Amino acid sequence: MPRLSVSVSISVVVLAALGSNLGAAGERFGYLDAVPDITRVVPPPPRKADARYEADRRVFRATRSMLSSARGQLAIHDVAYTMPDLMRDFSCAAGVKLSPETTPATLRLLMNADTDTQKANEAAKQSWKRLRPFQIDQGPICQSKDELAKSYDYPSGHAAHGWTVGFVLADLLPDRAPRLLSRARAYGESRVVCGAHNMSAVEASHLGVNVSLQQVKLNSRYLADFAAAKMELENRSANPGTTPDGPACTAEQALTQRSILGDLPSKASKRRS
C-alpha cells in the first residue's frame, strides 16, 4: 500500500475514535453530563504552618537532586501528557503496545474518561488556587516556571491523567493491575521529581480521580466502550508481535516499581525561605 494511503487510513481510524469526544468548537466531552464536586471528598490543600505544608516543602527540597538522575530523566519524559503519550507510557505496564492507531477503542474509552476526571480536577484547582512548590521555595524544576505559574498546584492535573489511565487499564487488564497502578503512581510522582507539584497535590489527585471514576463507571456509554476496549486488548494480547520492547520495559520497571519517598534522605533540610 502506498505510504500516503497508509497515512490516510491511520488518520481515519484516529479521527473515528475521537469523533464523539469533540464538540463543534473542539471542546472535549466525556461520559458525564455533570462532573462530581471532588472538593467534598478530597481534603483541602495544606496551609502555612500545617504539618502537611512543611512536609511538602521538605519533599520539594529533597527531590531537587533527583533531576540529574535516571529518575529525573523519566520525570522529564513524563511531562508530555496527550493521550497518545500516555498510551505509550503505559504500554510496558499493560504488556501491550497501546496507540491511537492500533488500539482505537481503548483510546476512545481513555479519552472520554479522562475528560471527566480532568474537568472535576480542574474545578477543584480553581476553587483552591494553591501555589506550586517553586513559588514557595527556590529550586530547579524540569519545565518553564513561567508557564507552570499560569495554573495551580492542587490537585495535580498530570497525576490525574496518570491515575485515570492506570485505573481504567487495570480494570481492562486485571492480571496487569499491579504493574499498571505502580506506573500510575510513578507517573504522578514524576511531577514531584520535576518540581512542578507538591506531594500533597499528587496524592490528592489519586483520591479525586477515584471519586470521579465511581460515577463514570455507572454510565451506559462507558460500559459499552469498556466492553469494546476489553475485546480489542484481548485480541492484541493474543498476538506476540504486539508486546512492547523487553529491555526498555525492564529499565522502566526498575525506576517505577517503588515510590520515590523511599529514596528520600531521612533528614531533609529544614531551611526556611
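**Entry 1: asparagine 198**

I started with asparagine 198, which sits in the loop between α9 and α10 (199-216). Helices here are DSSP runs of H or I with at least four residues, strands are E runs of at least two, and both are numbered from the N terminus. I was working with a predicted model, where local features need pLDDT of at least 70, side-chain atom pairs count only at pLDDT 80 or more, and totals for chains, interfaces and linings use all residues. Residues are numbered from 1 along each chain as its sequence is written, and side-chain values use heavy atoms, with hydrogens and water left out.

Is asparagine 198 buried or exposed? I found a relative accessibility of 3%, so asparagine 198 counts as buried. My cut-offs were under 20% relative accessible area for buried and over 50% for exposed, with partly exposed in between (1.4 Å probe, protein chains only).

Next I looked up which residues asparagine 198 touches, leaving out those up to four places away in sequence. I noted Asp56, Arg130, Leu131, Arg132, Pro133, Asp153 and Val192. A contact here means heavy atoms within 4.5 Å.

**Entry 2: the whole protein**

I stepped back to see the overall make-up. The protein has 12 helices and 0 strands. Of its 273 residues, 51% are buried. I also checked the contacts with a separation of 6 or more: residues 24 or more positions apart account for 83% of them.

**Entry 3: disulfides**

How many disulfides are there? I counted 2, taking a disulfide as a pair of cysteine sulfur atoms within 2.5 Å. As a reminder to myself, such a link is a covalent bond between the sulfur atoms of two cysteines.

I read -80° about the S-S bond for cysteine 92 and cysteine 249, a left-handed link. Cysteine 92 belongs to helix α5 and cysteine 249 to helix α12, so this pair links distant parts of the chain, 157 residues apart. Both cysteine 92 and cysteine 249 are buried.

Cysteine 142 and cysteine 194 form a disulfide too, with their sulfur atoms 2.0 Å apart. The angle about the S-S bond is -95° for cysteine 142 and cysteine 194, and this link is left-handed. Cysteine 142 is in the loop between α6 (104-128) and α7 (145-148), while cysteine 194 is in helix α9, so the pair ties together parts 52 residues apart in sequence. I noted 0% relative accessibility for cysteine 194, so it counts as buried.

With the bonded cysteines numbered in sequence order, I wrote down the pairing as 1-4, 2-3.

**Entry 4: helix α12**

**Entry 5: aromatic rings**

I counted 5 aromatic pairs. Rings of Phe, Tyr and Trp (its six-membered ring) pair if their centres lie within 6.5 Å; planes under 30 degrees apart count as stacked, over 60 as edge-to-face and the rest as tilted.

Among them, phenylalanine 90 and tyrosine 187 make a tilted pair, 6.3 Å centre to centre with 50° between the planes. Phenylalanine 90 lies in the loop between α4 and α5 and tyrosine 187 in helix α9, so the pair ties together parts 97 residues apart in sequence. Phenylalanine 90 and tyrosine 187 are both buried.

I then looked at tyrosine 222 and phenylalanine 226, whose ring centres are 5.9 Å apart with planes at 35°, so this pair is tilted. Both lie in helix α11 (residues 220-237), 4 residues apart, about one turn of the helix. Tyrosine 222 is buried at 2% relative accessibility, and phenylalanine 226 is buried at 18%. Together with Tyr31, Tyr222 and Phe226 form one aromatic cluster.
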